[in-house]
Amino acid sequence: MTRALFIGRSVLDVIALVEDFPGPDGKTKALANDLIPGGSSLNAAIVFSHLGGDATLATSMGAEGLVRDFLTDDLKKYGIDLRDICDDPSYHIPLSTVVSTRSLGARMIVNGAQDDCSRLKDGRDLFASDYNLIQLDQYEHPFVEQNFDDIRAFDGPVILDGGSWKEWSPDFLRLADVPVVSEVFLPEGPHAFAEMCNDLGLSRWAITRGTNGVIWHDGGSSGEIPAVSVAAVDTLGAGDIFHGAFCHAYAQTGKFVEALNSANRIAAKSCEFTGTRSWMRV
């Protein structure tokens with residue numbers, strides 16, 4: 001069985017599905033509401049486990065309470081090995097407000113105000129385990145900084161899930177072997193990202209572009225993977241699902257483009273369903 005360590009922030013997504021976004025000062029009635037544990041690495045770990053892998057999630061859980069219990073029970077249901085890295089009892093899992101539209105298949109997200117936990121447990125034992133790969137999602141920056149040398153010394157690929165550019169993104173890129181980033185990661189575009197990767201000695205990378213497919217580069221080869229045509233209902237978590245599926249396929253085979261193709265198909269299929277979990281039940 002393939003094993004992977006996912007490091008990143010966990011949140012509680014407060015979700016509303018609407019027909020269309022309301023305008024300023026407008027109101028609309030939800031078609032559906034839900035509370036779903038979320039976060040890039042959390043979602044990726046669940047997908048990895050759903051596809052048959054053994055996933056460990058290193059994340060900040062903090063204060064005891066209903067939200068922590070809700071996330072813990074959910075992760076247990078999906079067989080995730082949860083490692084709480086936060087040693088601050090005043091830390092609270094952030095709430096993320098998500099409004100998705102059925103008409104556009106688009107969503108709007110308001111991230112929680114809580115910063116990453118900075119009072120940390122000793123996490124060195126995490127890196128003594130035999131993982132096939134590690135994924136980072138640019139959150140839990142203090143923990144990643146604290147364990148920078150252990151992550152760099154890891155004998156396996158470190159995958160970067162790069163959403164938007166952050167002031168500490170260069171630190172994560174220096175740890176990455178394979179950055180798989182969104183098209184908004186570097187506003188200057190794919191050519192600038194390719195140059196950045198070349199300067200860092202990264203010869204294997206990909207850029208996900210939603211309905212425009214995936215651009216990839218692997219040593220002396222490069223290409224594009226077209227988007228899979230689906231009737232999108234909800235794109236929430238599609239990027240996280242892509243990463244979980246990519247990590248599972250890549251850990252199994254080590255074949256980069258094949259893993260991207262598999263992830264592309266699975267993430268597209270997930271957009272035909274609401275939320276981040278419904279696609280798993282079919």
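Here are a few questions and answers about the pockets in this predicted model.

Residues are numbered from 1 along each chain as its sequence is written. Local features need pLDDT of at least 70 and side-chain atom pairs 80 or more, while totals for chains, interfaces and linings use all residues.

Reader: What is the volume of the largest pocket?
Author: On a 1 Å grid over the protein atoms alone, a pocket is an open set of points where a 1.4 Å probe fits, with protein on both sides within 12 Å along at least five of seven lines. Points are joined across faces, edges and corners, and the volume is the space filled by probe spheres set on them. For the largest pocket that comes to about 1,400 Å³.

Reader: Which residues are closest to the centre of the largest pocket?
Author: A lining residue has an atom within 4 Å of a point. There are 49 of them here, and the closest to the centre are R107, T235, A238, G239 and D240.

Reader: Which element gives the most to that lining?
Author: Helices (H or I, at least four residues) and strands (E, at least two) are DSSP runs, numbered from the N terminus. Elements giving two or more residues include β2 (11-18), β7 (107-110) and α8 (256-270). The top giver, with 5 residues, is α7.

Reader: And which element supplies the largest share of the lining of the second largest pocket?
Author: This pocket holds about 280 Å³ of space. Among its 19 lining residues, D34, L35, I36, R277 and R281 are closest to the centre. β2, β3 (32-38) and α2 (66-77) each supply at least two, and the largest share, 6 residues, comes from β3.

How values were computed
Side-chain values use heavy atoms; hydrogens and water are left out.
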